Amino acid sequence: MPAATPTKTLRIGFVGVGVKGSSHVGHLLRMDGVDLRAVCDIVDLQCRETQEQAKRLGKRPPEIYSRGERDFERMCAEEE
């Protein structure tokens, strides 16, 4: 099996952007080489706040998955 080609950007989908998760996401948004592609939480407002935070930092806002407790499965299926 050939070795994986290194990538310069790490694409992340993050599940749980509440109190603790929002802190982690804040750090990720400030890191070079990180692209926060999607966020998932049962509270839609938490996801929207993450989008706004990304915009304020000049980053592409992540896609939102907030249709319930198992929406992380849809996120994993739809995102690269």
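These are my notes from a first look through this structure.

**Ground rules.** I am working with a predicted model, where local features need pLDDT of at least 70, side-chain atom pairs count only at pLDDT 80 or more, and totals for chains, interfaces and linings use all residues. Residues are numbered from 1 along each chain as its sequence is written, and side-chain values use heavy atoms, with hydrogens and water left out.

**Overall layout.** I looked up the secondary structure and found 3 helices and 3 strands. Helices here are DSSP runs of H or I with at least four residues, strands are runs of E with at least two, and both are numbered from the N terminus. Going along the sequence, I read the pattern β-α-β-α-β-α. The C-alpha trace spans about 40 × 30 × 20 Å along its principal axes.

How much of the protein is buried? I get 34% of the 80 residues. Buried means under 20% relative accessible area, exposed over 50%, and partly exposed in between, with a 1.4 Å probe and protein chains only. The accessible surface (Shrake-Rupley method, 1.4 Å probe, only the protein chains shown counting as cover for residues) is about 5,600 Å², and carbon and sulfur atoms hold 54% of that.

**Helix α1.** I checked residues 19-29 and listed Gly21, Val25, Gly26, Leu28 and Leu29 as buried. They sit on the same side of α1, because they cover an arc of only 160 degrees around the axis; the arc is taken from the directions from the helix axis to the C-beta atoms. An α-helix has 3.6 residues a turn, so residues three or four places apart point the same way. Val19, Lys20 and His27 are exposed on the other side of α1. What do the buried residues of α1 pack against? I find β1, β2 (34-40) and α2, with contact meaning heavy atoms within 4.5 Å.

**Ile12.** I placed Ile12 in strand β1, residues 10-15. Ile12 counts as buried because its relative accessibility is 16%. Leaving out residues up to four places away in sequence, Ile12 touches Leu28, Val34, Asp35, Leu36, Arg37 and Ala38. I also noted that its C-alpha atom is separated by 9.9 Å from that of Val25, 13 residues apart along the chain.
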